[in-house]
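I opened the notebook to record what I looked up around the ligand, and then at one further position away from that topic.

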Amino acid sequence: MTITLLPVDAVHADTVRRLDVQEDQTDFIASNAESLAELAERPECVGFAVMAADTPVGFAMYALDPDDGNHWIYRLMIDARHQGKGYGSQALAALLAHMATIPECGDIYLGVTPENTRAHALYHRVGFRETGMMLDGEKVMRLDRN
Ligand SMILES: CC(C)(COP(=O)(O)OP(=O)(O)OC[C@H]1O[C@@H](n2cnc3c(N)ncnc32)[C@H](O)[C@@H]1OP(=O)(O)O)[C@@H](O)C(=O)NCCC(=O)NCCS
């Protein structure tokens, strides 16, 4: 199945809101309802529906953080029913390919909860490394693009 990213506005908001992670993953990421609210409030945030063909299976969001001037992946989630099929890896690759087209995009940052070993491994595999910094209880990882 080919995974693509669609601007989240192209998908019905309720469909995105209904996508949810596994019960034991709820501490790892905000709900999509919260993320959509944040997206509406913060103009720097860019959101995508993760699509498996015509089916929305997840959500991703990045931003140029006005506080530090860096690009951050703020969210990446795949609905519980669709996990383990390679969609998360493909969505991350698509997101990074998209961000690589942003002229002013330098190194890319993200935060991951220490217990979230699966996401940590996913990010590590594509080149993210721990910076040693912690932010709001999350390990900050960076993809060096230089
Ligand atoms: C992290 C997440 C996006 C990965 O999505 P996914 O579609 O399941 O990922 P993939 O199917 O591409 O698999 C990614 C890796 O996890 C492994 N994996 C898949 N299912 C797994 C499971 N049930 N348990 C452990 N590992 C699993 C895969 O083997 C793969 O590793 P590999 O490439 O070395 O084989 C998804 O688990 C998720 O939404 N988690 C909750 C939200 C979250 O934590 N987001 C990150 C916040 S920083």
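Predicted model: local features only at pLDDT ≥ 70, side-chain atom pairs only at ≥ 80, totals over all residues.

I then listed the shell itself: 21 residues surround the ligand, and the closest are Leu76, Gly86, Ser89, Asn116 and Arg118. Sorted by class, this shell holds 10 nonpolar, eight polar and three charged residues.

A ligand nitrogen atom lies 2.7 Å from a polar backbone atom of leucine 76, while a ligand oxygen atom lies 2.8 Å from a polar backbone atom of glycine 88. For asparagine 116 the side chain takes part, with one of its N or O atoms 2.6 Å from an oxygen atom of the ligand. I also noted the area: the ligand taken alone exposes 940 Å², and the protein buries 69% of that.

**Alanine 40**

Is alanine 40 buried or exposed? I located alanine 40 in helix α2 (residues 32-41), and I class this residue as exposed because its relative accessible area is 70%, where the cut-off for exposed is over 50%. I also checked alanine 40 against leucine 19, and the two are 21 residues apart in sequence and 18 Å apart in space, taken from C-alpha to C-alpha.

Note on methods:
Residues numbered from 1 in each chain as written. Heavy atoms only, no water. Near = heavy atom within 4 Å. Polar contact = N/O pair within 3.5 Å; in protein donor to acceptor, adjacent residues only side chain to side chain. Areas by Shrake-Rupley, 256 points an atom, 1.4 Å probe, with all protein chains shown as cover. Nonpolar A, V, L, I, M, F, W, Y, C, P; charged D, E, K, R; others polar. Helix = DSSP H or I, 4+ residues; strand = E, 2+ residues; numbered from the N terminus. Buried < 20%, exposed > 50% of the residue type's maximum accessible area, 1.4 Å probe, protein only.
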